[in-house]
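Please look over the sequence and the model shown here, and then follow the paragraphs below through its helices, its surface and its charged side chains.

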Amino acid sequence: MTPAGGTTVQDHVALAEIELCGELIIAASAADEERLSQDRIDEVLMGLRL
């Protein structure tokens with residue numbers, strides 16, 4: 001049941017972590033190699049600039 005005030009709590013850190021994980025999953029699924037290199041991981045994460 002929603003409180004009478006209709007307040008919504010968002011954990012911005014958790015949302016940012018979810019976005020990071022999502023971007024890594026997308027990059028991994030598009031990669032030709034079995035694992036992403038550390039350089040590719042850094043490239044993906046730096047591209048987000050959260």
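Helices (H or I, at least four residues) and strands (E, at least two) are DSSP runs, numbered from the N terminus. Arg 40 is found in helix α2, and the chain as a whole has 2 helices and 0 strands. This is a predicted model, in which local features need pLDDT of at least 70 and side-chain atom pairs count only at pLDDT 80 or more, while totals for chains, interfaces and linings use all residues. Residues are numbered from 1 along each chain as its sequence is written, and side-chain values use heavy atoms, with hydrogens and water left out.

Of the 50 residues in the chain, 8% are buried, where buried means under 20% relative accessible area, exposed over 50%, and partly exposed in between (1.4 Å probe, protein chains only).

The structure holds 1 salt bridge, a term for a side-chain nitrogen of Lys or Arg within 4 Å of a carboxyl oxygen of Asp or Glu. Here the side chains of Glu 43 and Arg 40 meet at 2.7 Å, N to O. Because Glu 43 and Arg 40 are 3 residues apart in helix α2 (residues 38–46), about one helical turn separates them. Glu 43 counts as exposed at 51% relative accessibility, whereas Arg 40, at 31%, counts as partly exposed.
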